[in-house]
Number of protein chains: 2
Amino acid sequence: MTTTKLDEVLDYLDGGLPEALSRLKGFLTIPSISTDPAHNGDVRAAAVWLRDELSGLGFETEIRETSGHPMVVAKTPESPDRSLLFYGHYDVQPADPLELWTTPPFEPVIEDTPEGQVIRARGSSDDKGQLMTFVEACRAWKAVYGQLPPGLTLLFEGEEESGSPSLVPFLEANRDELSQSLALICDTGLSSDGRPAIATQLRGLVGEEVIIRGADRDLHSGMFGGLAANPIQILCNALTALKDENGRVTLPGFYDGVEELSDDLRRDWQALNFDAEEFLSRVGLKHPIGEKGRMPLEMVWNQPTAEINGITGGYTGDGFKTVLPAEARAKVSFRLSGNQNPAKIRAAFRAHIRAHLPADCTVEFHEHGESPASVMDTSDPAFETAKQALSEEWGRDAVFIGMGGSIPIAGDFKRILGMDAMLIGFGRDDDRIHSPNEKYNVESFAKGARSWARILHRLR
Amino acid sequence: MTTTKLDEVLDYLDGGLPEALSRLKGFLTIPSISTDPAHNGDVRAAAVWLRDELSGLGFETEIRETSGHPMVVAKTPESPDRSLLFYGHYDVQPADPLELWTTPPFEPVIEDTPEGQVIRARGSSDDKGQLMTFVEACRAWKAVYGQLPPGLTLLFEGEEESGSPSLVPFLEANRDELSQSLALICDTGLSSDGRPAIATQLRGLVGEEVIIRGADRDLHSGMFGGLAANPIQILCNALTALKDENGRVTLPGFYDGVEELSDDLRRDWQALNFDAEEFLSRVGLKHPIGEKGRMPLEMVWNQPTAEINGITGGYTGDGFKTVLPAEARAKVSFRLSGNQNPAKIRAAFRAHIRAHLPADCTVEFHEHGESPASVMDTSDPAFETAKQALSEEWGRDAVFIGMGGSIPIAGDFKRILGMDAMLIGFGRDDDRIHSPNEKYNVESFAKGARSWARILHRLR
């Protein structure tokens, strides 16, 4: 049996795991909480830590200033083959409430658990542990090949947990430098049944706030009830009429651009054996809503939604006041799929509300963001190649999955840099990201690095 | 032309108007603000002022303690004829914002205005000026007849502006003493076109708060949207379904007990020439809602309503959060008419909400009061008699009107003391009660006292 270069890289990773975990622990001691100005120095320290680590490996590395926290950009020499942009983020969520942590959030420890060893610390899974899987793969590669994989650009952001305000300007200002043939984003997880997964589609979003106004003051419902329009009632009527009795959104043209699942994707998703009732039971619910005849994963990954995220109007304090309120407000969002056009959906929603408005009432709208769905072009052979590499590493068939939420960075890469992204990550549902006692399985870390080695090997 | 005793009483009132206004001014200097504990002493001072005034006139008068502010009860000797209970309140609303008053609220002044003389002070219309119209009528009566009208009980409350917490216990504890053949309540106004009016029906009220709960926490709409029930949507759907496309309430049995207007009442109400568009234009609206084919006054006075008084759920702060909220709440009230049964309507509402509830959601209800509508038995000849007396005094046809709101005291008299009430008052729409610069027209005060003299004369 011949030993391939890939085998050597994987062996190197296995042998170097203790040192790799030590490095990750060092990274995790830095409380790089991007949303808290008191930690600005720590965020920069994390950027410096990364730069030093990458420079030491031979990357051409720079800390690039923005109007917020800096970017870290690291490159290997150009390649005649495929060029890749790898993305991760070095900032973390706040750790409070501190009293709920079993060990201090920035004093990482390796713990034995019934599900195997984990490394516990804020950022272990989101996203320091994940991004380091790629760095460790590069380290092993260099050790075996004598040089880093060519054609790589690594981009590390320090504001992901605080809304990425500098990212779009940075991408726009460095479009040529950052545009590669494909992006790799390591900030997602395994499928809920533990299989390796590549997210190939993400829903988009349209956010709207609507304010309906009637009388110029709150009215006494005894004096005016029965004569005066009630903005809460008008709002409820309009929001109810957004959906028909089957849960389908009624806005004209709403489903334009929504595509039925391909047979391949349907097979992948069915193979996940997603148990919607079990999933809902974790949050105290049981019965999935949604259209008859569609499987639950289709509802969250491939079907659009209309959801009321907030509503307020009239008297909402303790006790009771018999007012007919002057106004009522709601925040409504649409999750988009396929090629749905966000601007058209916003316009259709506004027309729908206006159609429910009596002539003496007024309406005001506020826009709260819009992004189309991201659907990756999986005919790019890189996707099938990565799937095979992941399947080999984990000994289970990797799957293409969807995501119900939006990962803005994937859309930004597509829109600004013109490239698709492969979203590959090794987090688990129980990693408690954004919560106390965040952890990352040592298996995720070790197999994650090995997965990237296999993917880089096949993509070269 | 013979001079009747009534003429003498009316002449006495005319001649004594300056002194009567002086007395009222004295009463109005007492800041008897019942809701503000700092004014507890002033509230008692107003009760003492009334007691002394009534004792001086020959009433058998007592200050009767309650757990709050005291009642003043004054009586004349029993009568073989009809016995009457007169009700008013000697407490007033707070006067702030003080800076909006053109003259100090507790320094009453007589002012000339384009609409005639007014007396301006807090409480001038609500209710000190109104209750004194009856006291002055009794004074003149005594001057002419040598004795007070027999068979009168006067009940003056000091907590009307702070929710009347002691009234029901007091009525229940003194049921036999206070039950008379008819109550007279002087705390209402002339019709909006300035004609004398007797309110013969008042809508009742059922108040409900509903809380719908879904998941045990707020959910991310990207992860759960399309699968998990949204309590706001469920609440909107249920509240929308409360009414059909004609604005009729859909609860089964809701209209049981609602009576069509009698021909007499319809004639009275039509004669008011109520201009709904003008009425609504004062608050920035224009188009009356309500059932087709019903006149606007019928909608506010004789038809029941279902109104959403408040709603809240999910994220309602600045910006946007794509949550599927754990719960949504609404406060809903029903104005009742005729013999609608409050308990049945509450039960029907709860059943309606439950029918809209998915199996894995829960609902909680809170009761916020209930009172049936008050419909006076106008076949009692006292009503027609008082109408004629009022018509004579004002030179315009008096009308029976309805009221869209509830006056709890009228319902309490009916329920606890078993008697109907004639609600007769002389306030005007522009009296600014509860607001800065409250006033009472001197014409209202003078003709009010004369009206009571005529009514007492005819009812004896």
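## Basis of the model

This is a predicted model, in which local features need pLDDT of at least 70 and side-chain atom pairs count only at pLDDT 80 or more, while totals for chains, interfaces and linings use all residues. Residues are numbered from 1 along each chain as its sequence is written, and chains are lettered from A and ligands numbered from 1 in the order in which they are written.

Strand 5 (residues 116-120) and strand 18 of chain A run antiparallel and are joined by three bridges; strands are DSSP runs of E with at least two residues, helices runs of H or I with at least four, both numbered from the N terminus, and two strands pair if DSSP finds at least two bridges between them.

The open sheet has the order 4-5-18 with antiparallel pairing. Strand 4 (109-113) and strand 18 (439-441) of chain A each have a single partner strand, so one side of each is left without a neighbour in the sheet.

## The contact between the chains

The contact takes 65 residues from chain A and 65 residues from chain B, where two residues are in contact if their C-beta atoms, placed from the backbone, lie within 7 Å. On the side of chain A that touches chain B, the largest share, nine residues, comes from strand 11 (residues 305-314) of chain A.

Strand 11 of chain A pairs with strand 11 (residues 305-314) of chain B in the antiparallel sense over five bridges, and A:Gly310 has B:Gly314 as its bridge partner.
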